[in-house]
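Subject: Structure handover

Hello,

Here is the structure for your files. My notes follow below it.

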Amino acid sequence: MIWRWLIFSNAVLWLAIPPAARAATVKGAVEITNSRDEAVRKRKDYTGVVVWLEATDRAAPAPAAPKRAQMVQREKRFTPHVIAVPLGSTVDFPNADPIFHNAFSNFSGQPFDVGLYPPGSNRSWVFKKPGIVRVFCNIHPTMSAIIAVLSTPWYVVTPVSGKFTLDNVPAGEYQLRLFHERAVPENLQALERTIKVPEGGVTLPLISISETGFVPAPHMNKFGREYPPVGNGDTYPGAPK
Ligand SMILES: [Cu+2]
């Protein structure tokens, strides 16, 4: 009898919730193909793909509340390498290295420059424009990272497995959007699609992202010039002589 009562009471609760508030779960997975990246080829490392949904059958809802995120600089790397944050969020760039760094971006997403700063200190930036921000260091040409600034509440960055879950998605119609730093824009656009999310949620078919056509290109420093030759790259205050 108890189980019958439980089913009945849960059903009553379910019916008491207005349809728009019955948020569903969207599950899916990405794989990365045609990659020259060793981690992808050898370990099937599908980390760092940004997946997000934009409502298409109603007015866009407010983005998630701005948050404080962190991108640490350690061993001349930005960690995590890819983050996604709601519009208006603050990103800290703590310098955990014994050397100076200078995070900046001069790409179209949102140019910023936190300036040169010493070991053990932090600089922050508030990201007020939605888009993909490509982050570099003005001292070290090999350092790069991605910050996806999103104006939608439904977004995720894939873990190594490539599997993702988007929670609290109200039933409706959405544009599925993707970003992967080693996929050319045409390949990503071809994968974007309209999806219907029913009240019971949905599991999407595998999303296969090809890196075909991707050519790693050197970027300029924040002054729009080439980095000094290797060996002279650490010409910052306090650099070893
Ligand atoms: Cu650096």
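A residue is called buried if 20 or more other C-beta atoms lie within 10 Å of its own, exposed if 12 or fewer do, and partly exposed in between; the C-beta atoms are placed from the backbone. Helices (H or I, at least four residues) and strands (E, at least two) are DSSP runs, numbered from the N terminus. Two strands pair if DSSP finds at least two bridges between them.

This is a predicted model: local features need pLDDT of at least 70, side-chain atom pairs count only at pLDDT 80 or more, and totals for chains, interfaces and linings use all residues. Residue numbers start from 1 along each chain, as its sequence is written.

**The sheet**

Five strands make up an open sheet with mixed pairing. Their order is β6-β12-β11-β8-β9. The edges belong to β6 and β9 (112–113). Each has a single partner strand, so one side of each is left without a neighbour in the sheet.

**Strand by strand**

Start with β12. Six of the seven residues in β12 are buried, so this strand is mostly covered by the cut-off of 20 or more. Strand β6 (residues 82–86) is mostly covered too, with four of its five residues buried.

β6 and β12 (residues 144–150) run parallel, joined by five bridges. V82 has I146 as its bridge partner in β12. A84 has A148.

On to β11 (residues 131–137). Six bridges join β11 to β12, and these two strands run antiparallel. V135 stands opposite A145 in β12. A hairpin through six residues links β11 to β12.

Strand β8 (residues 103–105) pairs with β9 in the antiparallel sense, over two bridges. F104 stands opposite D113 in β9.

One general point for reading the side chains. In a regular strand they alternate between the two faces of the sheet.

**A loop residue**

Where does N34 lie? N34 sits in the loop between β1 (23–33) and α2 (38–43). N34 counts as partly exposed because it has 16 C-beta neighbours inside 10 Å.

Which residues does N34 contact, leaving aside its neighbours within four places in sequence? They are S210, E211 and T212. Contact here means that the C-beta atoms of two residues, placed from the backbone, lie within 7 Å. N34 and E211 are 177 residues apart along the chain, yet 5.4 Å separates their C-alpha atoms.

Best regards
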